[in-house]
Amino acid sequence: MRYSNYINGQWKEPASTNYSANINPHNGEILGEFPLSSREDAREAAAAAKAAFPAWKKLSFQQRAAYLQKAAAILKSRTEEVGRDLTLEEGKTLAEGIGETMRAISILEYYAGEARQPLGDVIPSANAQTFLYTTRVPVGPVGLITPWNFPIAIPVWKMAPALIYGNTVVIKPADSTPKSVYHVVNALHEAGIPAGVVNCVFGRGSIVGAEWVENPDIKAISFTGSNSVGCQIQERATARGKKVQLEMGGKNPLIVLADADVNKAVEIAIKGAFSSTGQKCTATSRVIVEARIYDEFRDMLIERTKALKVGNPLEKETFMGPCVSKAQRDTVWSMIEAGKKEANLLCGGNLLQDEETAQGYYIQPAIFDSVSRDARIAREEIFGPVIALFKVNSYEEAVELANDTEFGLSAAICTNNFTLVQRFVEDIESGIVHVNSETAGAEPQVPFGGCKNSSSGSREQGKTAIEFYTQVKTVYLDPM
Ligand code: NAD
């Protein structure tokens, strides 16, 4: 089937007549064809978002919330179908695909609920007569550029706050996972959202995304993806006076102290590193273990990793599916090859070539030890199922090593030592901290984002999303 862009309330064929295949990473099957849109298509979407903005911002919050609620209900009625489509195009397991769809629904509901929350403050004025308060106004049409690894949750956690606070939207999903966003946009369309309020253009970031970064009708850009693309966008967008929010890479550490329950810590490491095939910005990629329990932890980790079921993500017993694409699998594979030269491969790391997986983009989860700090696998984001194991002699050494990275998205510690937990929360350079749980995992009602090179701009999700999608207006109200 051929899909279309969604511009000004209508499904519309792209001006360019080019399409790209949406491919199932499990077996290479073509799931559908999505437009490879041109700059002209992107400009038309920006113009539609600009035209729809004045009327949309004038609606009451509750009128806008009604569209989000309706879209959430429509998606809820199709949870299984949407979750399955997500799994088919991205490769995460069916439980993860359905779980992510449910999360997207819950984000829509959460931001519909924000319609009843206060917008500003009343502050006592120096002047007895003056009623002094703050309110917030939308930024304008916003451009949303999203990655493939959470193909429904990330687009929705940008669209829902953008819309509730009165902005109109142009969105470009990642090339390899367009169908998930198609479902969201279709639900908003069926919910009757006014024409031009949401526009979706499929295609290449370097064409569609680049147009919106430069187009004066788009007032803000929210981007999630790689650091190289994010930095480029920031430079170009800020040079044009736009607001920019970037969520980028991670190299997330899990520290396991000697008093931890080794069994539980191994479970936490495996879930954090290998679920969703390690393709999470918050995935665990460095595991730092105190010497006293190192050997026991390493041996248990290897044993459990070898027992994981890797294969068709639609099957119930599967723990880990394929990488999202051949290109991504090849990138992970090349990092594993680099790792073999600079560290000791303890298990996994091979391409899967059995009857079931030979046509797909599968790789076995890999564990390395004897990793030096300067090794590529210790420093670069791999975005695949790879753990670099480190042995340390103290809490201090563990935290110092954990912070020895350009990234700062998420970090976790396993221990019962409350004093060290408190120190960890203070010492660790990351935007998200987990104690006795995996580095991955984010609830929609709290802020999400990192420090150092992982993020730039205000945080996403929760109440904090209002910072990016609105501007503050301060009002001095005096009697005549
Ligand atoms: P990517 O940077 O290649 O692409 C992200 C999006 O940007 C895609 O839609 C792409 O088409 C678009 N794009 C590419 N070039 C562009 C350009 N020149 N101008 C405008 N847009 C452009 O990233 P990816 O491979 O899709 O995703 C993986 C990356 O995303 C990883 O680095 C991961 O850590 C990061 N990520 C971060 C978070 C977070 O919240 N911190 C969440 C998920 C993924």
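In helix α7, the buried residues are Val208, Gly209, Ala210, Glu211, Trp212 and Val213. Buried here means under 20% relative accessible area, exposed means over 50%, and partly exposed is in between, with a 1.4 Å probe and protein chains only. Helices (H or I, at least four residues) and strands (E, at least two) are DSSP runs, numbered from the N terminus. The cover over the buried residues of α7 includes α1 (39–58), β6 (142–145), β7 (169–172), β9 and α8. Cover is counted by contact, that is, heavy atoms within 4.5 Å.

Two notes on the source. This is a predicted model, in which local features need pLDDT of at least 70 and side-chain atom pairs count only at pLDDT 80 or more, while totals for chains, interfaces and linings use all residues. Residues are numbered from 1 along each chain as its sequence is written, and side-chain values use heavy atoms, with hydrogens and water left out.

Now the ligand. Which element gives the most to the shell around the ligand? That is α7, with four residues. The ligand is surrounded by 29 residues, and the closest are Thr146, Ser226, Met248, Cys281 and Glu381. A residue counts as near if one of its heavy atoms lies within 4 Å of the molecule.

Thr146 places a backbone N or O atom 2.7 Å from a ligand oxygen atom. For Lys172, a side-chain N or O atom is 3.0 Å from an oxygen atom of the ligand. For Gly225, a backbone N or O atom is 3.3 Å from an oxygen atom of the ligand. On its own the ligand has 850 Å² of accessible area, and the protein covers 89% of that. These areas come from the Shrake-Rupley method with a 1.4 Å probe; for residues, only the protein chains shown count as cover. Elements giving two or more residues to the shell are α7 (205–214), β9 (220–224) and α8 (227–239).

Next, the loop between α9 (262–274) and β12 (284–290), where Thr282 sits. Thr282 counts as buried because its relative accessible area is 4%. Leaving out residues up to four places away in sequence, Thr282 touches Asn252, Leu409, Ser410, Thr439, Ala440, Gly441 and Phe448. Thr277 is also in the loop between α9 and β12, and it is buried, at 1% relative accessible area. Thr277 has a positive phi of about 55° although it is not a glycine. Most residues other than glycine have a negative phi. Asn436 has a positive phi as well, near 60°. Asn436 lies in the loop between β18 (432–435) and β19 (451–452) and is partly exposed, at 28%.

Strand β15 (residues 386–392) holds Phe390. Is Phe390 buried or exposed? Phe390 is buried, with a relative accessible area of 7%. Its contacts, not counting residues up to four places away in sequence, include Arg286, Val287, Tyr294, Val371 and Leu401. Phe390 and Tyr294 are 96 residues apart in sequence, and their C-alpha atoms are 8.7 Å apart.

Last, Pro479, in the segment after β21 (470–477). Pro479 counts as exposed because its relative accessible area is 52%. Its C-alpha atom is 48 Å from that of Ile74, 405 residues away along the chain.

Key
Polar contact = N/O pair within 3.5 Å; in protein donor to acceptor, adjacent residues only side chain to side chain.
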